[in-house]
Amino acid sequence: MAQGHHTSPVQSTRLFDALAYLGLLPFAFGIFMQATGVEVLGVGGRLWFAGYSAVILSFLCGIWWGGALNRVGHRHRIALAILSNLVCLGGWIALLLYRTPWGLPLLALGYAFVVTAEARLNPNLPHLYDYFRTRSRVTYLAIGCHLIMIVTVLFTD
């Protein structure tokens, strides 16, 4: 390493941060579809939104699974592995219930659980602090999108 060159222990996550924020666009598109009655390939806004939400919720929990698998010394390793599966199953059940009054609120609760559990179980690597700060912010925005979608459904169904 060149003298005077300092590398930070915090990794740059700009690309991942940008992708996290871009990941909100399908939520917004689902809300737009629901509000306007637009369908894409025969899929309405409510199913679009719920399907995307369940996939992203599973993705977030997959990160827990990977963390539990790769961080053998983590004190919450077993809890993270079990919770990742339970939240994924909950997301799948919520997706099956997408036409009921329970589907979207259950998905929103899944996101709220993830952001709360991450704050308590601390599954994240310290050098990825910036990414997980962004991820928390985006998760709160996703919960907001769920609330908007719930209101939109009330006025359009």
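This is a guided tour of a predicted model, stop by stop, for use with the structure open in a viewer.

**Before you start**

Residue numbers run from 1 along each chain as its sequence is written, and side-chain values use heavy atoms, with hydrogens and water left out. Since the model is predicted, local features need pLDDT of at least 70 and side-chain atom pairs count only at pLDDT 80 or more, while totals for chains, interfaces and linings use all residues.

**Stop 1: colour by confidence**

Colour by pLDDT, the predictor's confidence in each residue, from 0 to 100. The protein averages 88, and 89% of the residues score at least 70. Now select residues 1-8, where the pLDDT is below 50. Beyond near neighbours in sequence, that stretch has one contact in the model, a contact being heavy atoms within 4.5 Å.

**Stop 2: switch to cartoon**

Among contacts with a separation of 6 or more, 72% are between residues 24 or more positions apart.

Of the 157 residues, 37% are buried. Buried means under 20% relative accessible area, exposed means over 50%, and partly exposed is in between (1.4 Å probe, protein chains only).

**Stop 3: the largest nonpolar core**

In soluble globular proteins, nonpolar side chains tend to be buried together. The term nonpolar core is used here for a set of buried Ala, Val, Leu, Ile, Met, Phe, Trp, Tyr and Cys residues joined through side-chain atoms within 4.5 Å. Select Phe27, Phe49, Leu104, Leu107, Tyr111 and Val114: of the 28 residues in the largest core, these touch the most other members. Helices H2 (25-36), H3 (45-70), H4 (77-96), H5 (103-121) and H6 (129-156) each supply at least two residues of this core. H3 gives the most, with nine residues.

**Stop 4: zoom in on Phe27**

Which residues does Phe27 touch? Leaving aside residues up to four places away in sequence, Phe27 touches Phe49, Tyr52, Ser53, Tyr111, Ala142, Cys145 and His146.

Now show the rings. Rings of Phe, Tyr and Trp (its six-membered ring) pair if their centres lie within 6.5 Å; planes under 30 degrees apart count as stacked, over 60 as edge-to-face and the rest as tilted. By this rule there are six aromatic pairs. One of them is Phe27 with Tyr52, edge-to-face at 4.9 Å centre to centre and 75° between the planes. Phe27 lies in helix H2 and Tyr52 in helix H3, so this pair ties together parts that are 25 residues apart in sequence. Phe27 itself is buried, with a relative accessible area of 2%.

Select Phe27, Phe49, Tyr52 and Tyr111 together and you have one aromatic cluster.

**Stop 5: the salt bridges**

How many salt bridges does a search of the whole structure find? Two, counting a side-chain nitrogen of Lys or Arg within 4 Å of a carboxyl oxygen of Asp or Glu.

Select Arg46 and Asp157, whose side chains meet at 2.4 Å, N to O. Arg46 lies in helix H3 and Asp157 in the segment after H6, so the pair ties together parts that are 111 residues apart in sequence. Arg46 is buried at 8% relative accessibility, whereas Asp157 is exposed at 55%.

Then go to Arg135 and Glu118, also 2.4 Å, N to O. Here helix H6 (Arg135) is tied to helix H5 (Glu118), across 17 residues of sequence. Both Arg135 and Glu118 are buried.

**Stop 6: two distances to check**

Pick Arg137 in helix H6, which is partly exposed at 45% relative accessible area. Arg137 and Ala20 are 117 residues apart in sequence and 9.5 Å apart in space, C-alpha to C-alpha.

Finish at Leu80 in helix H4, buried at 2% relative accessibility.

Methods:
Helix = DSSP H or I, 4+ residues; strand = E, 2+ residues; numbered from the N terminus.
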